[in-house]
Amino acid sequence: MTAPLLSVRDLAVTFHLRGGLLRPTRHLKAVNGVSFDIAPGETLAVVGESGSGKSTMARAVMRLVEPSAGSIHLDGDDITALRGEPLRRIRPKLQMVFQDPYSSLDPSMIIADVVGEPLTVHGVATGADRDERVQALLEQVGLGRYHMNRYPYEFSGGQRQRIAIARAIALQPKLLVLDEAVSALDVSTQNQILNLLEDLRRELGIAYLFISHDLGVVEHIADRVAVTYLGRIVEEGPTERIFAKPAHPYTEALLSAVPIPNPRIQRSRQRIVLPGDVPSPLAPPPGCPFHTRCPHVMDVCKTVMPAHTPMAGGGSAACYLHDPQATEGGRRAS
Amino acid sequence: MLNFILQRLLALVPLLFIVSLLVFSLVLIIPGDPAYMLAGEDATPEEIAAIRTDMGLDDPALVQYARWTAGVLRGDLGTSLFSDQPVLEVLLERLPVTISLAAAAIVFSLLISIPAGVIAGTRPGSVADRVVTLGASTGLAIPNFWLGLMLILIFAIWNGWLPATGYVPLSESPAAWLRHILLPAFTLGLSAAAILTRQLRGAMIDVMNQDYIRTARAKGLAWRFVVLKHGLKNAAIPMVTILGLQANYLLGGTVIVEQIFGMPGLGQLAVASVFTRDLPMIQGVVVMAVFVAVFVNLLVDISYGWFNPKVRPQ
Amino acid sequence: MAAPILEVEDLGVEFLTDHGWVRVVDGVSFSVGEGETLGLVGESGSGKTVTSLSVMQLIPVPPGRISGGSIRFAGRELVGMSEPQLEDIRGDDIAMVFQESMTSLNPAFTIGEQICEVVRRHRGCSRREARDRAVEVLELVQIPDPRSRLGAFPHEFSGGMRQRAAIAMALACDPKVLIADEPTTALDVTVQAQVLDLLRSLQQRFGMAILFVTHNLGVVADLCDRVAVMYAGRIVETATVFDLFESPQHPYTEGLLQAMPQLGERGKRLAAIPGTPPMPWQMPTGCRFHPRCPYAETACTEQDIPLRALAGDRHVRCRRVEELTLEGAQ
Amino acid sequence: MSDATASEFEQLGASVSARRRFLRRFMRQRTALFALGFLVLLALGAVFAPWVAPYDPLAQNLDRVLEAPSLAHWFGTDELGRDVLSRTLFAARISLLAAFQAVLIALVIGVPPGLIAGLAGGRTDNLIMRLTDALMSFPPLILAVAIVAALGPSLTNAMIAVGILLSPTFLRLMRGTAMAVAQETYVEAARSIGCTQSWIIMRHILPNVVSPLFVQISVFAGVAMLAEAGLSFLGLGAQPPDSSWGAMVGRGFRYISHSPSLIVFPGLAIAVTVLAFYVLGDGLRDSLGREIRREE
């Protein structure tokens, strides 16, 4: 296997919620000991529900929030602790598209300046040269030169997301982080953007870190999938394996919960309905974070977080069901 | 709830510390030497030096500040340079006048602003709304001293319906108190009424567009009921904040209104002390005013917890 | 189909905008039978939410107004009905659940107070009876320890619990019709599955009719008996859920079905409907879908296309319905 | 023309800048335009007072003291027989200038720390806000009186006091807006692109915080004028022979029962001018796009 483009090890992000005079400061472990790799040109999808920490993971990789532990290597360089100018210098390799197409574009700027800004701030191109490149970028994402002098408010959600993508690929990054980049769009528009991303990947060989809660979309776009729950990756592996043979009970339940748009299939299949909600990340349960809702919960799950066990078909899952020793111990205990 | 109040009280400590620094620094920036003023024009330098030492003016600023603060904490605000009376005594004598004026003004402003704000805010763009909005802007634009003078002209001088000046304590005669307080309270309260009306109107428009109003109507509750229960309680949240600020403004406004209506309150005392350069008295008035303002805002904060369950500690 | 409890006929709704009066719902007709679940499907801006609010006469007036048509509940005309009469129906005969449970519950009152309020309004009962009823419905929606939860404020509930409390509030007076406007859209999938299960079991128990507004065809496939598809303020197709998914008759329905990213299908290029839906102030002439329709002919751009009845209680707004064979869901 | 080309044709049309959009909306606000017109006229009248005023504002005529309004003296005469109309016109200079001064002082004191507090956050923000809270806990006029007492009664000192009093509102507004803008995704996007901190502040944050400031400036010009009038009325502001509208009312107070016109006209001048500033502020706010408008 080639050297990974992005290598994340034991990443943790903790937010400190300031308390009042009589209220203690609370610590929110949004991301808790997460490791993954992305090969050049590969798409890794991170899926999870709200509170799973997937967006924070994306921002930590982008170095927009400070990791509290772990390391991030990009292209062989340790970028975990970069600041100021050195951090700015690696930005061209690493770009991001945000979820909300409405707030991610500065309303006071015209599109030419929005898309051309990365070129300007990195001194790549100025003046007519910059405008020419902006035009090419806009065409690449399916917009035209006549859009250059318009303001963001004049565009629909789908068009804005195209603009955001044009801005993100302006510096020809090696890795593009897409944080719920299509979630705010209607299905028909969503597919246009997904197809555009597919085209760009083929043409430019960009690797994607694709953050999403939509399993249908993920199955289409990802080479590999990481399933997150309460700040941890509970299962990871090739897309085919994850969808065909989910190993973690949470992955299984998640797949089962997505309604299939075909009434005959949807109404005849066995469904797993999990009880309760995702616990608050402010007070995560001890042991396996999923044990409070898990249909297969054992005693051991309530005290010690299981380690990742390699799975047949690729990837790994952090669950005692796949750890023969622990399963026996757990059964005996319960 | 007790915890909540305690929290607010604790938060006041640094605030009061900064306030005390600001008030004390008035002494430092004031040009001229109070000792000269006290000693009179033909005092010898020795006499002045003696007075300076006596007053502790030669000590370092920090020492003077510590002494002054210790005095304030003990309730000793010094002695008036002008009348030789203890400052606190004078202040306490005049405080009820100012309090009853400000309180009457607040009551008056609420009586106007709540109905006006609700009517305008639930029918934005209507004729009623435009009348209220213009009325509020006008109410804000009229200088209160001028309004006071116009009221005196109309109600006292031309028609003689109400007394132009003076004050009668409530305990002495409620009717006379009311007759004397009516014009000043209106004068003082009008701008507060205007601000509260604008605020409530805006909050009401905002609240009436919220999803939970639609939910309440989907439950079959009558429009009027929805406005008064679901709308008003939420619209009151920002209004309570503004009310706290307005309480400060009203206290400040008493300076002018008491002057016009010849009411022996703190405001009148403040102006008189400026002209006699009675520094301890000015400091005393400021300290007293801040004390009242902080107390009122504490009450406002506490009531805020009732309107907005989210700030209540769980 | 069961006897209709809710009938909407030729409904028109207009809003006053910068572009003048704009018709956002135009000639919409459908009916919901007793105990039936009708899915009203469409993308954002298709007019589905405005339609559902119009049934309750809850669109904001101004800037909105119902410009024509008829809405009948159990035979009684709701359009033009006096406000007090409407208030008697709202929350009692017809109840509603909204998308955002965080904003649709009043943050300043407790959950219990908000449920009791509707019970007292329609049942005229005592405070204590209303509280008992509130506990009962909270139990129905599986909120643990309901009596002690009465005093909780909405922000003290999780998203899923809030939506269940909102459902409890809607069911408090045993409505005959429940209008659910994207009730699961803001929820996580695992919680969405719970809520869908809950709605299904409640309907089996109490037999109310449900008008289910959503953009999610998976949810429709899961829960609905019949479906009405809206596009650009009009209904383009109605059919039973099985017919619609197996053999859609309108090109837009086909486009939507093809566009659903489906589990178990990978690598294929995603089908996308080209272009974007029209703005309500610049509706295309003729069929409103023709600029995006792969099957459009010149004739489609010319005159208005009526909603035509087909066999098997289906309706389609397409002039080429006989010639076209469209692809359904896989 | 097919529909596709029609929409393209429309897209080729000139784009409307945010500023142009603002102007177009503002031009539709008839009352605000009217207020602006009045303020411009008033400013012109004040600047050209020596040419416009019918009399010398200081010329005394002891034969004609405290006269009621007449054809010769539209606003009547004062206790020294001076023409009240001329004096009102000349006082406009002082009143407008004083309001301008106070707002300027408030801007200088309030805006930079507000921006710093909003952008720096943390301890800096905490410290600045504590100071602001302390300043705001003083009843404003009492604080103004105290400041004037310390500095000595003069118009400039009064305006310094008013400026200090108004500054917390600017500070809070700037802090709130800057905080909100700094949390917008487009600022995060700018960081992700690799913009420097100063570039982000200059190109993304400042352009998006100035609009609400203009609204507040207009409103505060009115508030400052009222505050000046109040202090001058008390004799703590404009000192003789200078006269502002507030000072005119203050002196006219003594003759209230004999010559009400002495206080009616300058008072009306204040009220109308302040109203114009408020209406203008409202108009400006309503003309801002919803995308940048923020509630006070």
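In chain D, the mean positions of the 23 positive and 20 negative charges lie 5 Å apart. Lys and Arg are counted as positive and Asp and Glu as negative, whereas His and the chain ends are not counted; the place of a charge is NZ of Lys, CZ of Arg, CG of Asp or CD of Glu. The model is predicted, so that local features need pLDDT of at least 70 and side-chain atom pairs count only at pLDDT 80 or more, while totals for chains, interfaces and linings use all residues. Residues are numbered from 1 along each chain as its sequence is written, chains are lettered from A and ligands numbered from 1 in the order in which they are written, and side-chain values use heavy atoms, with hydrogens and water left out.

Chain D contains 12 helices and zero strands. Helices (H or I, at least four residues) and strands (E, at least two) are DSSP runs, numbered from the N terminus. The C-alpha trace of chain D spans about 80 × 60 × 25 Å along its principal axes. Of its 296 residues, 55% count as buried; buried means under 20% relative accessible area, exposed over 50%, and partly exposed in between (1.4 Å probe, protein chains only). Among the contacts in chain D with a separation of 6 or more, 72% are between residues 24 or more positions apart, a contact being heavy atoms within 4.5 Å. Accessible areas come from the Shrake-Rupley method with a 1.4 Å probe, and for residues only the protein chains shown count as cover.

A nonpolar surface patch of about 810 Å² is formed by D:Leu36, D:Val40, D:Leu41, D:Leu44, D:Val47, D:Phe48, D:Trp51 and D:Val52. Patches are made of residues with over 30% relative accessible area and no salt bridge; like charges are joined within 9 Å, and nonpolar side chains (Val, Leu, Ile, Met, Phe, Trp, Tyr) within 5 Å. Two helices of chain D, α3 (30-47) and α4 (49-52), each supply at least two residues of this patch. The largest share, five residues, comes from α3(D). D:Val40 is located in helix α3 of chain D and counts as partly exposed, at 43% relative accessibility.

A:Asn195 lies in helix α6 (residues 187-204) of chain A and is buried, with a relative accessible area of 10%. Apart from neighbours within four places in sequence, A:Asn195 contacts C:Arg269, C:Leu270 and C:Ala272. A:Glu117 lies in helix α3 (residues 111-121) of chain A and is buried at 2% relative accessibility. With neighbours within four places in sequence again left aside, the contacts of A:Glu117 are A:Met109, D:Ile193, D:Cys195, D:Trp199 and D:His204. The C-alpha atoms of A:Glu117 and A:Arg130, which are 13 residues apart along the chain, are separated by 9.3 Å.

A salt bridge is a side-chain nitrogen of Lys or Arg within 4 Å of a carboxyl oxygen of Asp or Glu. By this rule, 58 salt bridges are counted over all chains. In chain A, the side chains of A:Glu154 and A:Arg150 form a salt bridge with an N to O distance of 3.0 Å. A:Glu154 is partly exposed, with a relative accessible area of 25%, whereas A:Arg150 is buried, at 10%.

In chain C, C:Glu9 is joined to C:Arg72 by a salt bridge whose closest N and O atoms are 2.9 Å apart. C:Glu9 lies in strand β1 (residues 4-17) and C:Arg72 in strand β4 (residues 64-73) of chain C, so the pair ties together parts that are 63 residues apart in sequence. C:Glu9 is partly exposed, at 41% relative accessibility. C:Asp93 and C:Lys176 also meet in a salt bridge (3.6 Å, N to O). C:Asp93 lies in the loop between α2 (83-89) and β6 (94-97) of chain C, and C:Lys176 in the loop between α7 (159-171) and β7 (177-181) of chain C, so this pair ties together parts that are 83 residues apart in sequence. C:Asp93 is buried, at 15% relative accessibility, and C:Lys176 is partly exposed, at 44%. Salt bridges that share partners join C:Glu14, C:Arg23, C:Asp26, C:Arg65, C:Arg234, C:Arg288 and C:Asp304 into one network.
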